[in-house]
Amino acid sequence: MSCHDKDCTDHGLAGQSKLESFLFSCELSSKVPFYTFQGDEDEDLEHFLELRTVCLGEGAKEENNVVEVTAMNHQGKTISVPIANLHVSCLPMVSLGEFELKAPVTIRLKAGTGPVTVSGLHLIASEVEESDMSDDDDDDEEEEISPIKPAKKKQKQ
């Protein structure tokens, strides 16, 4: 579920929803070793965190910096998973692709002193109401297209 425009529509199994994306970033260090991402308490919205990159910041030491995330699995149980093991000399940055997690998500600097920057997208999905969908349906109606007629041959004179 990736959206590169400000607004886009996702046609999922549960019906239609509107998806908005915003930049996300947090910095972890020995002073601030974790960050918890939570969505608003609004019932009609679902919040997702799509992690893209984890990278060491300026001033990082020659040590391993392990970053882990804690979120719910498909059974509703909390699970922690390491997502990056960074080192200045051999792996200062990791690209995670589109690693998407449903809020709440805790990102923790499990080992090392950082600084480590985690970045990605904050995705907000909301249900599209019937009245909103009827406006879009007008645009989607198929127009009748007349068949292409062959070009007339020129007669020789």
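Strand β4 supplies the largest share of the lining of the second largest pocket, three residues. Strands and helices here are DSSP runs (E, at least two residues, for strands; H or I, at least four, for helices), numbered from the N terminus. A pocket is found on a 1 Å grid over the protein atoms alone, as an open set of points where a 1.4 Å probe fits, with protein on both sides within 12 Å along at least five of seven lines; lining residues have an atom within 4 Å of a point.

Before going on, a word on the model. It is a predicted one, where local features need pLDDT of at least 70 and side-chain atom pairs count only at pLDDT 80 or more, while totals for chains, interfaces and linings use all residues. Residues are numbered from 1 along each chain as its sequence is written, and side-chain values use heavy atoms, with hydrogens and water left out.

Back to the pocket. The space in it comes to about 170 Å³, a volume being what is filled by probe spheres set on the grid points, which are joined across faces, edges and corners. Eleven residues line this pocket, and G39, D40, H47, A103 and P104 are the closest to its centre. By type, the lining splits into five charged, three polar and three nonpolar residues. For that count, Ala, Val, Leu, Ile, Met, Phe, Trp, Tyr, Cys and Pro are nonpolar, Asp, Glu, Lys and Arg are charged, and the others, Gly among them, are polar.

Zooming out, the chain has nine strands and one helix, and along the sequence the pattern runs β-β-β-β-β-β-β-β-β-α. Take the contacts (heavy atoms within 4.5 Å) between residues at least 6 apart in sequence: 75% of them join residues at least 24 apart.

Now the inside. A nonpolar core is a set of buried Ala, Val, Leu, Ile, Met, Phe, Trp, Tyr and Cys residues joined through side-chain atoms within 4.5 Å. The largest one has 22 residues, and L51, V54, V67, V105, I107, V116 and V118 have the most contacts inside it. At least two residues each come from β2 (15-28), β4 (45-56), β5 (65-72), β6 (78-86), β7 (93-102), β8 (105-111) and β9 (116-127). Strand β4 gives the most, four residues. A separate core of five residues includes L19, L121, L123 and A125.

As for V67, leaving out residues up to four places away in sequence, its partners include L28, V54, V81, I107, V116 and V118.

E50 is in strand β4 and counts as buried because its relative accessibility is 0%. Its side chain makes a polar contact with that of R52 at 2.5 Å; such a contact is a pair of N or O atoms within 3.5 Å, where, within protein, one must be able to donate a hydrogen and the other to accept it, and residues adjacent in sequence count only if both atoms are side-chain atoms. G97, in strand β7, is partly exposed because its relative accessibility is 32%. Setting aside neighbours within four places in sequence, G97 is in contact with L51 and R52. G97 and L51 are 46 residues apart in sequence but 7.5 Å apart in space, C-alpha to C-alpha.

Key:
Buried < 20%, exposed > 50% of the residue type's maximum accessible area, 1.4 Å probe, protein only.
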